[in-house]
Amino acid sequence: MNIKDFFTKLRIGFSSSMEKMQSNGKALVVAALSAIVVMIAICIAVFFANVKGPEEVLVPDVVGKELTAALIEMQAKELYPKIQLRYSDVPGNEGTILEQNPVSGAIVKAGRRINLVVSRGVVIDQIEDYTGLKLDDLRIKLQTLFSGSTKPLIVLSDPLYKADMSEAGTILEQDPPAGTKIAEPVTVSLVVSRGPAYEQTRVPNLLKMSVNDVLTQMSRSKITFDFTAHTVQDGEVPGTVTAQQETGEFLPNYSRMTVDFAFPAGPLNGNSYGLFTAVLPAYPYPLSMKLDAVTPDGERYTIAAFSHPGGNLSVPYALPAGTQLLLSVEGREEVKSIVQ
């Protein structure tokens, strides 16, 4: 075979191979693309098989357990606590879990924060010294101290009152004594001053006094006045006292005395005359009170300030119609009325 024949056969073989490759090209491309897609799918499957989300875990019950034990249980479940401190009603449970959220048994993902309310102990752990305090002040103090408690640790029993040189309402004795440790809710018994029993007050002469003058005497005197009224008659001055109960020169403090007014049948000089009345609880000792007037324009002022032992109360007034009357006992509004 000469060289010419060799190259001729080589050219023919190459041309035949090219024709075969061209005829199978599409199949090769499809096969290559398919292989690539399969490889990508395998890679994605392997990725998600190895990179998965947090596991779901069961929230443990840690209420009533010490904080340290609760944290260990949380850590074992890959849960993270968010702690809130709160005073407790139970002495001696400092550091104990009071509440949890989510509750035990809930299914959550690992890494979830669990809210834990931890006891910081009781507000007070022993009885304080209450002698010398005013009873009303102590009641307000304890109410404020245990305002967020469902079961107050200190409860006051009905006090025993006795005459004493101390100001009325002053605490003289207490049981249990100061310094007593509180292991459970305790009831405190108190002995409270009723004030000096022998003090007496000079009886004022109210005859012919006007309403305003009588209100001034109420503020100064320790007599409890029971006011009555009748329609003015001939010879009487409207709006003045026409009679008062006959007594001696002196009366024991806060004794009751009847005083009678002669009131006009209708308004006089733009004022309506009348008696503000109320029935109050019988107090163990006189409480400070005041009667305020609120005009139709909203102006408020005090027309009488006095002490009263409770029971039936009456206060005279001479005010424009529509005025609102407000009775306050120890700073708390108790009774309202409108002047007709």
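Domain bounds here come from an automatic or database domain assignment. On that basis, the lining of the largest pocket takes at least three residues from domain 2 (126-193) and at least three from domain 3 (200-339). The model is predicted.

**Largest pocket**

- The volume of the largest pocket is about 600 Å³.
- Its lining consists of 25 residues, and those nearest the centre are A168, R194, Y254, Y285 and P286.
- Two or more lining residues come from each of these elements: α3 (135-145), β9 (186-195), β15 (272-294) and β16 (300-319).
- With six residues, β15 gives the most to the lining of the largest pocket.
- By residue class, the lining of the largest pocket holds 13 nonpolar, four polar and eight charged residues.

**Second largest pocket**

- The second largest pocket has a volume of about 250 Å³.
- It is lined by 14 residues, with D136, R139, L287, E330 and R332 the closest to its centre.
- At least two lining residues of the second largest pocket come from each of α3, β15 and β18 (332-338).
- The largest share of this lining is that of α3, with five residues.
- The lining of the second largest pocket comprises eight nonpolar residues, one polar residue and five charged residues.

- Domain 2 (126-193) and domain 3 (200-339) each provide at least three residues to the lining of the second largest pocket.
- The helix α3 and the strand β15 each give two or more residues to the lining of the largest pocket, and each supplies at least two to that of the second largest pocket.

Note on methods:
Residues numbered from 1 in each chain as written. Predicted model: local features only at pLDDT ≥ 70, side-chain atom pairs only at ≥ 80, totals over all residues. Heavy atoms only, no water. 1 Å grid on protein atoms, 1.4 Å probe; cavity = no way out; pocket = protein on both sides within 12 Å on 5 of 7 lines; lining within 4 Å. Points joined across faces, edges and corners; volume = space filled by probe spheres on them. Helix = DSSP H or I, 4+ residues; strand = E, 2+ residues; numbered from the N terminus. Nonpolar A, V, L, I, M, F, W, Y, C, P; charged D, E, K, R; others polar.
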